[in-house]
Amino acid sequence: MGRAVFRGGVHPPEHKDATAGLPVEWAPLPERLVVPLSQHLGAPCKATVAAGDRVERGQVVGDIEAMVSSPVHSPVSGTVAEIGTTLTAAGSVVGCVVIDRDEEQDLDSYVAVPDGDDRRARVRAAGIVGMGGATFPSVVKLTPPKGMEITTVILNGCECEPFLTCDHRLMLEQPERVVAGAGYIRDMVGAKRVVIAVESNKPDAAAALKAVATEGIEVTVLPTRYPQGAEKQLIYALVKKEVPHGKLPAAVGVIVHNVATAAAIADALELGKPLTERVVTVTGSVARPGNYRVLLGTLVSELIEAAGGLTGDVERVISGGPMTGMALGSLDVPVTKGMSGIVALPKGMAAAAVSDDQPCMRCGRCPESCPMGLEPYAIANYAHRAMWDAAAKRDALDCIECGICSYVCPTNRPLAQLIKVAKAAAMAKGVKA
Amino acid sequence: MSEPLTARVVGPAPHITSKESCGGIMLWVVGALAPAAIWAAISMGAPAVLTLAVCIGATLGTEAAWNAIARRSQTIFDGSALVTGLLLAMSMPPRTPWWISLVAGFIAIALGKMIFGGLGWNIFNPALVGRAFVSLSWAGVIAAAENYGWFRVLSLPAVGEYDAISGATRLALAAADRAASGAYGFDLAAQYQPLLFHNLEGSLGEVSAGLLILGGLVLIVRGIIDWRIPVGYIGTMGLLSWAFGSDPIFNVLAGGVMLGAFFMATDYVTSPMSRNGRLVFGIGCGLFNAVGRFFGPMPESTTFAILFMNGLAPLLDRFTRPRTFGWVKSDE
Ligand code: SF4
Ligand code: SF4
């Protein structure tokens with residue numbers, strides 16, 4: 001399985017051993033939950049409950065009527081303490097519903113989403129968004145634009161970020177949910193082909209999926225190479241088509257969903273279960289690394305406590321994976337639908353704070369490893385000099401922010417960071433690439 | 001509930017980096033050169049040791065002084081000046097007067113690198129800039145040092161006969177023979193063995209082509225240098241030597257080809273970054289090295305061949321720009 005199936009890429013140390021073998025277990029339920037009203041990409045929800053209201057597990061507590069939006073539900077039965085604001089992992093401040101839970105909780109029961117024939121409506125009502133981290137409302141992807149034919153559905157089970165094992169455990173422990181979700185997605189978009197992609201470092205997950213795969217659902221093992229799970233690279237690996245610049249995967253007849261999203265879709269359609277919890281890998285320098293099933297709205301600090309607390313000299317705490325995740329400034333931020341992991345990086349493993357005074361020694365590693373075929377050193381140089389048009393001319397806007405260029409640079413130039421700035425500036429200026 | 005956040009770094013992704021560092025890479029290069037350098041010092045003795053010491057001292061000293069005077073942060077510990085000094089010494093004949101080595105080291109760093117802005121900004125390989133400067137300024141002195149006639153003091157069985165002929169290097173001899181009669185006065189194939197393992201003519205880097213190849217292979221396997229440059233270089237050199245009617249193996253082993261192909265032309269800063277660019281770059285070095293050797297005024301043309309290609313490197317990068325993923329005709 002050494003055959004590279006996309007250009008560039010790297011293979012950082014995986015660090016998955018600490019948690020790959022640990023079954024998913026429930027994290028202790030917090031007394032108070034902070035449920036953000038915006039856990040998705042798109043219009044933030046408005047609270048549909050008020051302070052003092054009683055809520056049931058699964059009850060909608062926030063929603064909004066907008067094309068790209070997704071409702072949020074109460075993960076517990078309890079009482080609304082307040083409608084306020086909270087800091088998020090991304091560092092922004094959003095509205096939230098604070099819920100004090102009842103002492104007794106029956107996690108097996110919940111307010112089911114309304115029954116009905118419209119599957120898409122039920123997926124939306126269940127509040128399902130991309131759980132790989134993108135948090136794009138799933139129903140939007142399940143509704144391809146008119147005139148676009150979707151031939152292939154890809155389920156992304158690559159989990160190519162180091163440290164993370166939540167998808168691995170899900171595929172291993174509940175492969176039938178993933179497969180069921182794959183089937184529903186295929187039927188909803190009218191695709192012919194469904195491929196579940198798993199990296200070669202998870203043979204047990206691939207085997208588990210194959211064992212329950214139903215007619216017409218393929219399980220493909222891809223080489224372990226970051227960023228195999230990046231949408232464009234994954235599509236290329238499986239259907240050998242490049243998603244054209246500035247287009248969506250639908251342009252090549254493909255949609256990609258994360259495996260956890262697929263499982264959540266199956267739950268919503270079969271059981272009427274709204275999205276109120278997810279699996280989060282808590283790992284790195286914590287006392288008891290593990291894969292925890294966590295109620296959305298649990299604070300990261302509580303989750304870390306559940307994992308035995310931070311150990312040693314932790315320098316960065318990451319939400320998500322270390323290549324693309326976000327370093328947390330505060331641990332008192334709630335777990336949300338897109339949070340796949342909490343990784344505590346000790347000193348020595350965490351990258352030093354970025355500085356831009358190191359020269360480029362022209363080693364060629366960044367252009368060689370960029371999965372998009374860019375020349376990061378050149379774009380970063382333009383960004384450094386605030387030459388946004390020049391940066392855009394070198395296709396800065398095609399950067400997928402995988403972080404590889406910064407990762408490989410021997411002089412630790414903050415390439416990905418500068419390119420991110422160049423992208424934002426070019427977009428703000430409306431520069432056409 | 002809240003954890004103290006004072007010691008925590010909040011920075012943008014990615015949050016981990018590879019273990020590769022500039023200093024680490026330079027140390028690998030030094031390590032790969034070390035066997036050949038040490039063997040040269042043992043074989044050639046005190047003059048070689050002096051040349052090594054003066055060249056390295058001059059490059060490090062010049063960089064340190066430049067940084068101090070220009071009030072830049074000190075960079076002598078990034079290993080790059082050390083590599084330049086070592087490479088420079090390897091390109092020098094051991095009997096080079098010490099003051100020439102000193103000037104070469106100073107020029108290499110001052111005019112070859114720092115004046116452009118330091119590591120990463122120079123166009124030409126600093127070691128070769130220093131070497132070229134002293135070759136042009138004191139051609140006679142250096143040629144005399146090269147032709148010092150080691151074979152008169154040391155006799156080797158493989159070259160015993162040749163020993164008696166002259167003190168000129170075999171490369172120079174071969175060129176003279178070619179010019180005179182078109183035929184060689186000695187057996188080129190008989191020179192493989194000394195050139196590979198123990199040759200005491202020319203520069204420090206010519207003592208053992210074998211140890212240089214070994215070091216170069218280590219760097220390739222370790223992923224530090226791209227095989228395309230040495231393969232393009234040596235391949236072209238050999239092919240053209242054969243085309244010009246000479247012995248290809250003798251021609252790639254003799255002179256500065258191995259040092260140039262594995263260690264000089266592969267300098268990151270002064271070679272192209274793209275893979276295709278590197279292959280073309282290597283081929284170009286071989287081409288100019290061969291043309292220089294067979295048709296130029298001096299049989300030793302490695303320095304100028306690589307410097308010339310250094311000048312073309314930015315152009316090669318331009319013409320071998322990768323295609324951005326996704327810039328395809330949409331098949332809607
Ligand atoms: S972050 Fe962007 S520029 Fe850097 S390697 Fe990834 S895609 Fe290329
Ligand atoms: S990886 Fe760093 S040193 Fe190497 S070419 Fe890119 S920016 Fe320059």
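Residues are numbered from 1 along each chain as its sequence is written, and chains are lettered from A and ligands numbered from 1 in the order in which they are written. Because the model is predicted, local features need pLDDT of at least 70 and side-chain atom pairs count only at pLDDT 80 or more, while totals for chains, interfaces and linings use all residues; side-chain values use heavy atoms, with hydrogens and water left out.

Chain A holds 14 helices and 17 strands (DSSP runs numbered from the N terminus, helices being H or I of at least four residues and strands E of at least two). The radius of gyration of chain A is 21 Å, close to the 22 Å given by the globule rule for 433 residues, so chain A is as compact as a globular protein of that length (radius over C-alpha atoms; the rule is 2.2 Å times the number of residues to the power 0.38). The C-alpha atoms of chain A fill a box of roughly 60 × 50 × 45 Å along the principal axes.

Chain A is assigned domain 1 (29-111 + 274-346), domain 2 (117-271) and domain 3 (365-428), with bounds from an automatic or database domain assignment. The C-alpha centres of domains 1 and 2 of chain A are 23 Å apart. Their contact (heavy atoms within 4.5 Å) takes 33 residues from domain 1 and 26 residues from domain 2. These two domains of chain A bury about 2300 Å² between them, 61% of it on carbon and sulfur atoms (accessible area, 1.4 Å probe, that two parts lose on being put together, summed over both). Leu41(A), Leu275(A) and Met323(A) supply 19% of the area that domain 1 buries there, more than any other three residues. One salt bridge is counted between the two domains (a side-chain nitrogen of Lys or Arg within 4 Å of a carboxyl oxygen of Asp or Glu). Asp63(A) and Arg124(A) meet in a salt bridge with an N to O distance of 3.1 Å.

Chain B is divided into domain 1 (22-140) and domain 2 (154-319), whose C-alpha centres lie 20 Å apart. Domain 1 of chain B gives 35 residues to the contact and domain 2 of chain B gives 31 residues. About 2700 Å² is buried between these domains of chain B, 80% of it on carbon and sulfur atoms. In domain 1 of chain B, Trp28(B), Trp39(B) and Leu128(B) lose the most area to domain 2, together 21% of what that side buries. The count of salt bridges between the two domains of chain B is zero.

Between the chains, 72 residues of chain A are in contact with 45 residues of chain B. The size of an interface is often given as the accessible area lost when the parts come together. Chains A and B bury about 5000 Å² between them, with 56% from carbon and sulfur atoms. Glu242(A), Met361(A) and Arg362(A) lose the most area on the side of chain A, together 15% of what that side buries. Six salt bridges are counted between chain A and chain B. Glu375(A) forms a salt bridge with Arg321(B), the closest N and O atoms being 3.6 Å apart.
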